[in-house]
Amino acid sequence: MQIEKVYEPQLFEPRWAEWWITSGIYHADPNKPGRVFSLVIPPPNVTGVLHIGHMLEHTEIDLTVRWHRMMGDNTLWLPGTDHAGIATQMVVERELAKQGLDRRTLGREEFERRVWQWKEQYGGTIKQQMIRLGASCDWSRERFTLDPGLSRAVREVFVRLYDKGLIYRGEYMVNWCPRCHTALSDLEVQHEETEGSLWHIRYPVNGGGGSVVVATTRPETMLGDTAVAINPRDDRYRALHGRTVKLPLMGRDIPIILDELADPKFGTGVVKVTPAHDPNDFEAGRRHDLPHIRVIGEDGRMTVAAGVYQGLDRFEARRKVVEDLQAQGLLVKVETHQLAIGKCQRCKAVVEPLVSIQWFAKMKPLAEPAIKAVEQGRIQFIPENWVKTYYEWMHNIRDWCVSRQLWWGHRIPAWHCGDCAKVNVAVEAPTACAHCGSARLEQDTDVLDTWFSSALWPFSTLGWPEQTRDLAAYYPTSLLITGFDILFFWVARMIMMGLECTGDIPFRQVYIHGLVRDAERQKMSKTKGNTVDPLEITNRYGTDAIRMSLLLGAAPGTDIVLSESRMESSRAFANKVWNAARFIFLNMERSGVQPWMAEGGEELPLPEPGSASLEVALEDRWIFSRLNRAADEVNRAVENYRYHDAAQTLWRFVWHEFCDWYVELKKLRFREASGMNADWRNMLTVFEAVLRLLHPVMPFLTEELWQRLKGERQDLPPSISLVRYPRYNQAASFNRSERQMGVLQEIITAARAMRADLKLDQKQRLDAALYAHETAIEVARDQMNAIEKLGNLEVELHEGTAPRMAGLRRSTTEFDLILKIPEAQIEGLSGRLAKEVEQLEKLIANSRRQLDNEVFVARAPEQVVASIREKLAEYAAQSAKTREALEGLK
């Protein structure tokens with residue numbers, strides 16, 4: 001059976017990635033009986049390209065989906081992308097700008113056509129990347145948040161919430177992005193701690209009452225002040241009750257109001273009130289019926305209400321206002337001040353609080369059942385510590401501004417009447433006003449926040465509001481795997497909308513994964529220059545190696561460290577499996593063994609006895625037992641989302657047990673026999689089970705090797721991913737065999753370790769004496785051929801404990817192994833060992849001298865001191881081992 005000498009995943013990975021899709025093997029059937037496992041993808045932005053965070057998330061999802069599919073579950077992984085309102089519009093507007101165009105010149109209809117055109121041309125990049133990396137989705141069910149079916153669901157939900165009074169329109173303070181020209185929800189604003197200034201400004205009191213001093217971090221907004229406030233309990237200002245002040249620079253009189261907004265303990269106890277530009281001032285303005293004077297426009301420039309400052313950028317205006325206050329002697333002082341500046345999550349522009357007419361969703365009534373669903377255990381968060389974070393946000397939830405001043409997205413299904421000015425909200429466009437019968441209707445120009453349609457994703461993608469077979473079979477979904485950064489943007493809103501619209505939860509479990517960090521545990525970012533391109537590293541190491549690298553560190557509640565060394569080790573692991581397969585396939589050809597495969601049932605089989613004996617070979621009993629334990633551990637780990645445990649178990653079993661021991665022992669058997677026999681059948685049974693066990697983690701490698709093993713057989717499923725996953729079989733556990741094999745490994749390892757410690761030639765065959773008792777004597781008698789061949793020894797076997805004798809010795813409670821060094825080598829070896837001891841003692845003395853120096857230990861970095869202590873322990877252990885060997889030679 002031909003197999004390439006070198007493991008080159010680039011030669012077969014693209015082929016299987018394409019075949020998994022074109023073959024349609026992952027198409028889910030809602031009519032299939034049995035347990036259901038369903039999961040929807042966190043839809044990446046249609047503008048996006050795959051980053052390493054996506055690859056971690058998709059690897060964890062794909063592993064879980066492949067495992068459930070192999071467990072026999074009716075499995076659906078539904079893929080799709082999000083229309084990403086602001087992000088996509090910004091990309092297309094930048095492209096238009098290169099052509100000297102803008103959206104307003106084109107008009108809304110033509111602009112939308114251009115965005116759709118862009119989406120068709122470039123929007124499939126992330127899908128192609130997902131396919132290349134092996135995502136086993138049902139691509140026949142791919143969805144896009146602006147698909148007709150999903151758009152209808154969005155309109156249906158909006159109308160239902162509006163009819164229940166849970167969506168309303170009003171004038172409120174919103175977060176406004178002057179660059180994106182749209183309102184933002186609180187979650188779309190990132191707050192950055194910044195060192196700013198606190199300006200203290202004198203406001204003259206009218207009628208000869210002196211002045212009051214107010215402090216502000218935004219002096220340009222004072223042009224829109226409509227009051228100053230003092231606390232009603234602040235006795236210092238009782239004389240000012242009912243008075244007015246002259247607003248500096250603007251010259252208008254504004255009242256002094258009594259309000260809790262003013263804190264007597266902060267600053268002078270007097271605050272300026274600008275209802276049009278501060279959320280707290282907005283509420284105070286409502287309480288006192290103050291006018292709103294907007295001095296900063298939606299473009300971030302000063303309005304006509306700003307007087308002589310009209311047209312200036314808000315930050316230019318700030319400088320000019322401060323200069324003018326200083327010139328008029330009204331600037332008392334300036335202090336440095338730490339403040340949290342809100343910035344647009346998308347474009348990083350400083351957000352401006354503005355009063356605007358927007359659409360809002362009432363969240364408290366939606367949050368209450370969503371809180372209860374988690375409290376009752378209907379939805380489980382993994383790790384559990386995220387439950388507290390979820391509760392904190394949900395209990396303090398505020399109304400959600402759902403309208404956006406964009407053209408790309410779900411247009412709000414509301415029509416304004418040109419005659420009676422009332423609003424008509426409907427799923428389909430009305431022909432006449434429901435209030436007055438007028439045909440003069442114009443649709444609201446705003447679109448919905450992208451997260452509104454995303455909140456409906458688990459059920460809208462399955463056909464809701466229609467009661468489809470998919471919805472009946474796959475909703476609620478079983479699991480959501482996502483990052484913590486969208487816990488509130490998306491996860492919480494899906495729970496609220498799912499319960500409100502379907503009466504049921506959207507998913508039963510939520511697994512929150514960590515971040516991928518670099519080798520120094522730094523967060524990856526473009527500014528740090530430490531980002532990793534998944535496609536570049538998969539081309540270099542192979543997709544399976546990167547998957548394994550990510551999973552090895554994917555413990556719940558922790559971030560994942562991705563380093564070059566881990567990726568190289570994982571590629572070496574894949575290469576180890578490839579080489580084992582190569583040995584098997586080449587020896588099958590030499591021995592005249594045809595491709596053969598046991599019936600791959602769920603429960604692991606038992607090994608076959610040899611043809612000349614009813615005894616099953618020790619290595620067969622042992623590997624079947626170890627395979628059984630590995631299957632049990634991996635199944636438990638995946639079931640509990642302990643992906644790192646699953647990966648580590650597979651690594652240990654496949655590399656250190658199957659490849660390092662079982663294959664090596666079988667090589668001895670195959671040299672002595674030919675043709676299909678029990679050795680071959682046991683080997684191939686285990687190898688096929690290893691491939692199945694490994695498949696969810698390393699799908700490409702295992703598919704390639706399994707297909708070669710399958711040959712032309714038509715009675716087996718078309719893909720390894722459709723074969724049953726190995727399950728624990730109590731009858732296939734052989735504890736005594738594991739104990740016996742453990743002793744055999746100890747004997748051979750002891751021989752190899754003594755050679756390595758003394759740098760002896762591994763190819764030199766040495767005489768040895770093995771004194772064994774209890775289990776070891778039985779193992780040594782039965783497995784002497786393996787001991788001599790794998791240890792490269794000529795062994796004299798004795799029962800009992802070894803007497804004192806010359807040679808290199810390793811002892812355990814069950815055996816003493818003495819390697820006899822040829823007389824001609826002893827003198828040279830003794831001299832080398834003596835020099836090594838001398839060098840090690842110098843290193844030990846130097847390390848102790850450093851650690852005994854209290855000044856050095858106090859001043860040196862902690863990691864330096866820890867490193868010296870670690871090296872000291874290593875030197876001491878090596879010295880003791882070398883002295884022991886030197887003593888043995890005497």
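Biologist: How is the accessible surface of the chain to be read, and what does it come to?

Modeller: Accessible areas come from the Shrake-Rupley method with a 1.4 Å probe; for residues, only the protein chains shown count as cover. The accessible surface of this chain comes to about 39100 Å², and 48% of that area belongs to carbon and sulfur atoms. Please note that this is a predicted model, in which local features need pLDDT of at least 70 and side-chain atom pairs count only at pLDDT 80 or more, while totals for chains, interfaces and linings use all residues. Residues are numbered from 1 along each chain as its sequence is written, and side-chain values use heavy atoms, with hydrogens and water left out.

Biologist: How many helices and strands does the chain have?

Modeller: Both are DSSP runs, numbered from the N terminus: helices are H or I with at least four residues, strands are E with at least two. Here there are 28 helices and 29 strands. The chain is more spread out than a compact globule, because its radius of gyration is 37 Å, well over the 29 Å that the globule rule gives for 890 residues. That radius is taken over C-alpha atoms, and the rule is 2.2 Å times the number of residues to the power 0.38. Along the principal axes, the C-alpha atoms fill a box of roughly 115 × 75 × 55 Å.

Biologist: What share of the residues counts as buried?

Modeller: Buried means under 20% relative accessible area, exposed over 50%, and partly exposed in between (1.4 Å probe, protein chains only). Of the 890 residues, 55% count as buried.

Biologist: Is Ser151 buried or exposed?

Modeller: Ser151, which is placed in helix α7 (residues 148-163), counts as buried because its relative accessibility is 13%. A contact means heavy atoms within 4.5 Å. Leaving aside neighbours within four places in sequence, Ser151 is in contact with Thr145, Leu146 and His410.

Biologist: What does the side chain of Arg114 make a polar contact with?

Modeller: A polar contact is a pair of N or O atoms within 3.5 Å; within protein, one must be able to donate a hydrogen and the other to accept it, and residues adjacent in sequence count only if both atoms are side-chain atoms. The partner is the side chain of Glu110, at 2.9 Å. Arg114 lies in helix α5 (residues 108-122) and is partly exposed, with a relative accessible area of 22%.
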